Amino acid sequence: MLSSLTIRNFRSILDMTVSFAFAEKRAPAGFRDSDRVFFIEPAPKVRLVPTLALYGSNASGKSNVLMALGAFRDCAVSGVQGKFRPDKLHPELRTTSFAATIVRQGHRFVYAIEYDRDEFVKESLSADGQLLFSVGQDGQMFGPLATESYPEQRLQEIFRVECSTPQHKQTASFLSVIGKRYPGLNPLVTAVFDFFNEGIIVLNDNTIHISRGVDLFASVLEKADDPDPMKNAFARITALLENLDIHICRMELHRKRMRLDRDTHERNYLDVDPEFLRRLTSFEKEGDSIVLNTDRICSFHQDAQGNEVEFDFSTEESSGTQIVAGLLGVFLAALESGGVVAVDELDRSLHPLLLIELIRLFKDKRYNSRGAQLICTVHNTDILDANLLRISEVGIISKTLQEGSTIARISDFSGVDKVENFRRQYLTGRFSGIPFPYI
């Protein structure tokens with residue numbers, strides 16, 4: 001779970017720390033017996049919020065917070081190439097840096113990186129206040145990771161060979177090299193790598209194909225030894241979809257798979273029927289081969305006489321219904337694994353009541369029993385009056401040329417101790433972060 005995220009010099013963000021701490025002075029009365037998730041307690045004396053909704057004017061930098069989280073994840077997992085997106089209005093700043101405080105398996109981790117266009121400048125990981133490793137242009141420290149089989153000298157060689165180019169530029173994170181290739185070396189390092197690699201999902205908008213959502217949820221169920229992860233993932237997604245009162249009685253998933261074997265002479269893959277490619281919904285690697293999947297999803301409605309009528313889900317259902325179906329798979333995957341999901345413009349094309357129910361998944365103990373977190377940008381203010389979000393769960397993004405994009409949660413404002421009626425106060429400008437348009 002994320003406890004905090006620090007971003008420096010990324011797009012419009014010069015220096016921002018996003019806190020996920022539960023900031024109310026005391027826990028709500030009866031919180032232990034309530035069906036609602038008021039906060040997550042991943043470790044003693046640690047309380048984190050399950051949701052964070054980001055508001056602000058257009059071009060204030062809301063999306064950049066989510067993009068920064070995605071860039072941080074990508075740097076940690078796959079390296080720095082193509083990830084450098086500094087604030088162009090402040091050319092004196094030469095590097096970007098990220099730091100995250102993560103609570104996982106009862107431990108408090110701090111993972112930090114600094115990089116420029118070409119390479120990592122610094123990288124470090126600590127657990128419960130102890131530095132596990134630190135690498136950078138000023139030197140390396142691997143002592144706490146060293147074992148009899150992997151003494152510090154060997155770890156230095158791994159870093160030199162597997163993280164760096166022949167020009168001695170570090171382009172791959174040490175975290176990813178250890179997490180991918182030496183997962184048994186240190187369980188703490190592996191836990192943090194797994195969090196970045198599997199525990200964070202960032203969507204640049206709220207549109208994701210239902211097949212992708214099914215695949216994400218099925219992969220989580222498979223790791224939990226579900227006997228039929230694909231079938232059960234689709235069944236749980238469609239059960240929720242039917243409960244949302246969008247008039248679908250039931251759904252069916254028909255998947256075709258095509259295995260592409262590598263041509264050993266041409267060193268490429270064989271041609272594929274264009275019609276199959278047109279309906280392609282996902283693919284996966286199996287050794288040197290690639291398996292392509294095409295899904296035909298049928299939804300069923302009742303006609304005026306009560307008879308069941310089949311619809312093609314991807315062409316005959318509304319865009320809003322398709323958005324909800326895709327998001328449900330992503331959300332259920334995060335809820336099942338205790339991950340973090342970030343969605344830009346979560347409210348786009350969604351009725352406010354559907355939006356409320358989607359957010360409620362992370363606020364309901366029936367669904368969120370593993371400490372999953374939702375971060376989203378929204379413009380819809382109806383949810384501020386839905387008695388759903390607490391004062392720690394609403395962030396306001398503002399931007400100035402001098403300070404860039406900044407964040408203030410409602411809990412940061414003095415005299416705000418109630419947990420409802422945010423909407424009127426926000427729209428009147430008390431928390432800033434609103435436009436002042438005129439024509």
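A crossing of two helices is called right-handed if the near helix is turned clockwise from the far one by less than a right angle, and left-handed if anticlockwise. By this rule, helix α6 passes helix α9 in a right-handed crossing. The model is predicted, so that local features need pLDDT of at least 70 and side-chain atom pairs count only at pLDDT 80 or more, while totals for chains, interfaces and linings use all residues. Residues are numbered from 1 along each chain as its sequence is written, and side-chain values use heavy atoms, without hydrogens and water.Helices (H or I, at least four residues) and strands (E, at least two) are DSSP runs, numbered from the N terminus. The axes of α6 and α9 (residues 319-337) come within 9 Å and cross at roughly 125 degrees; axes are lines fitted to C-alpha atoms, for helices over the stretch in contact, and angles run from 0 to 180 degrees between N-to-C directions. The two helices α6 and α9 are therefore oblique to each other, a term for angles that are not under 35 degrees (roughly parallel), over 145 (roughly antiparallel) or 65 to 115 (roughly perpendicular). Contact (heavy atoms within 4.5 Å) involves residues including Leu240 and Leu241 of α6 and Val324 and Leu328 of α9.

Helix α6 (residues 229-243) also packs with helix α5 (residues 210-223), at an angle of about 120 degrees and with the axes 8 Å apart. This pair, α5 and α6, is therefore oblique as well, and the crossing is right-handed. Among the residues in contact are Phe217 and Leu221 of α5 and Phe234 and Ile237 of α6.

Strand β20 (residues 394-400) pairs with strand β21 (residues 404-409) in the antiparallel sense over 6 bridges; pairing requires at least two bridges found by DSSP. A hairpin of 3 residues joins β20 to β21, and Gly395 stands opposite Arg409 in β21.
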